[in-house]
Amino acid sequence: MNTASSGQTPHVTEQFDVALAIPGATATDQPLVIQAIPVVAIELLAAQNFHALIGRDILSRCLFFYNGAMGHFSVAF
């Protein structure tokens, strides 16, 4: 795959199909469930405690609100 940091030189990585479930706000709310989505294994910014990045393919199924001034975000689905 090519990334912004790899430029024209592709980065070889593993790809996996995973299922994703994001729980609702309460126990009675339905979760957001995605049955299978291809993901790639990459070294993330471990120093910033990132374990995964959620892309627009997932966020396109949600309402995402980001308040940069307050440093808060919310996701609804």
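β2 supplies the largest share of the lining of the largest pocket, four residues. The model is predicted: local features need pLDDT of at least 70, side-chain atom pairs count only at pLDDT 80 or more, and totals for chains, interfaces and linings use all residues. Residues are numbered from 1 along each chain as its sequence is written, and side-chain values use heavy atoms, without hydrogens and water.

**Largest pocket**
- Its space is about 500 Å³.
- Lining it are 17 residues, and the closest to its centre are Val-39, Val-40, Ala-52, Leu-53 and Ile-54.
- At least two lining residues come from each of β1, β2 and α1.
- The lining has 14 nonpolar, two polar and one charged residues.

**Second largest pocket**
- This pocket holds about 260 Å³ of space.
- Among its lining residues are Ile-22, Ile-54, Phe-64 and Phe-73.
- α1, β3 and β4 (72–76) each give at least two residues to the lining.
- The lining residues are nine nonpolar, no polar and no charged.

**Strands**
- β1 runs antiparallel to β2 (residues 32–40), joined by seven bridges.
- Asp-17 has Pro-38 in β2 as its bridge partner.

**Confidence**
- The protein chain averages a pLDDT (the predictor's confidence in each residue, from 0 to 100) of 87, and 96% of the residues score at least 70.
- Confidence is lowest in helix α1 (residues 56–59), at a mean of 90, and highest in strand β3 (residues 63–67), at 94.

How values were computed. Pairing = 2+ DSSP bridges. 1 Å grid on protein atoms, 1.4 Å probe; cavity = no way out; pocket = protein on both sides within 12 Å on 5 of 7 lines; lining within 4 Å. Points joined across faces, edges and corners; volume = space filled by probe spheres on them. Nonpolar A, V, L, I, M, F, W, Y, C, P; charged D, E, K, R; others polar.
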